[in-house]
Amino acid sequence: MYHVSPVAYWCALSQYYHLISPLVPSPDVLLADSKVPFVQSLYKCHTLLLGPTPPRPENFFCDFKDTPAAAGYQRKLLLAINASRLKTLISLTDRLSSDRARFNSLSDKHSSSWLSTPPISPLFTLPDQSFAIASRLRLGLPPVEDLKHCICSASLISNPLHFLTCNLLRSSVISRHDRLFQCLARVARLTGTTVESEPRLAAGDEGSRADGKFYFTSLSNFVDLCVVHPAAASYLALAVKPLGAASKREKDKSLLYERVAQSQGALFHPVVYETFGALGSRGAIFISRLADEAIANGVPMIEDQPVKQFLSRTLSFTLQSMKYRELN
Ligand SMILES: [Zn+2]
């Protein structure tokens, strides 16, 4: 937010300076020691935004004199600035730390979907307590202020996010998994795809079940969904890169189920979320395929949104609405 106003000002001026330029009486007005307010503001913006973009301040008046900045310039600048800030932030953390894992996970675009979605549907809102906990999770804080120990006696001072892996909170974790899958299945059914819950998917000598089987027109798709916590000790080494934890879990699940699914003439899709909201690439592919199937079924939109966007948003809110009854 710190950079939004300066970038907005810079971009607005870059788009309209060609209209102002003919009114400038002399190039001397455009020097750094100018008393003209818009020139002063421009130089201040540049000092604040110093980096590879935007262009040098003294070139601004040449670059945009005849050619206004193209649409989307503000977004392009902010993306570059935010990427640079994220890189700096990550470089300040220890390689095998929960902070490094958290920042890497938060860099995935799906992790902020619940924050950038306008509240245009009851599905896109969070109760106050869930919003507070989800926000604190992003910040690496314990779920409640002044809470120093978990009910299992683990310290929340040394590990503020312990509650995401505590065995005594397993019921909340299971409930979150079930609600995520139900959300996926409900949207699929709404768009004309038949879904079978917990179909048998034999693996090795022991029987096993996937979460669901989605019957697309061309092929059936087994889906198994889970949520992993990249800042857990067992994932720290993998979480040194974005989606490292989710990718590992996708591979593990694929080893277990993929060949068996293929032997039944079906595909297998692991849908793996990270606790911070990042979504593994295989899950993102399945959501895209489900949306394509919806279009083929003549249902391209739900609640005036493309199916893919609606589903991604709904899953994002469902993930963050995890209820920790044990904390009350
Ligand atoms: Zn605990």
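## A look around a predicted model

Let's start in the sheet: Thr194 stands opposite Tyr215 in strand 2. This is a predicted model, where local features need pLDDT of at least 70, side-chain atom pairs count only at pLDDT 80 or more, and totals for chains, interfaces and linings use all residues. Residues are numbered from 1 along each chain as its sequence is written.

Strands here are DSSP runs of E, at least two residues long, while helices are runs of H or I of at least four, and both are numbered from the N terminus. The open sheet has 4 strands in the order 1-2-3-4, with mixed pairing; two strands pair if DSSP finds at least two bridges between them. Strand 1 (194-197) and strand 4 (266-274) are at the edges with a single partner strand each, so one side of each has no neighbour in the sheet. From one strand to the next, the twist averages 25°.

Helix 9 (residues 244-263) lies across strand 3 (220-228) and strand 4, and runs at about 160° to strand 4. Angles run from 0 to 180 degrees between N-to-C directions, and axes are lines fitted to C-alpha atoms, for helices over the stretch in contact.

| Pair | Angle | Axis distance |
|---|---|---|
| Helix 1 (residues 4-20) and helix 2 (residues 37-49) | about 130° | 10 Å apart |
| Helix 8 (residues 170-190) and helix 11 (residues 307-320) | roughly 165° | within 9 Å |

Helix 1 and helix 2 are therefore oblique to each other, while helix 8 and helix 11 are therefore roughly antiparallel. The cut-offs go like this: under 35 degrees is roughly parallel, over 145 roughly antiparallel, 65 to 115 roughly perpendicular, and the rest oblique.

Which residues of helix 1 meet helix 2? They are Pro6, Val7, Tyr9, Trp10 and Leu13, and they meet Phe38, Ser41, Leu42, Cys45, Leu48 and Leu49 in helix 2. Being in contact means that the C-beta atoms, placed from the backbone, lie within 7 Å. The residues of this contact divide into 10 nonpolar, 1 polar and no charged. Ala, Val, Leu, Ile, Met, Phe, Trp, Tyr, Cys and Pro count as nonpolar, Asp, Glu, Lys and Arg as charged, and the others, Gly among them, as polar.

Finally, Ala80 sits in helix 4 (residues 73-91). The C-alpha atoms of Ala80 and His18 are separated by 25 Å, with the two residues 62 apart along the chain.

How values were computed: Two residues are in contact if their C-beta atoms, placed from the backbone, lie within 7 Å.
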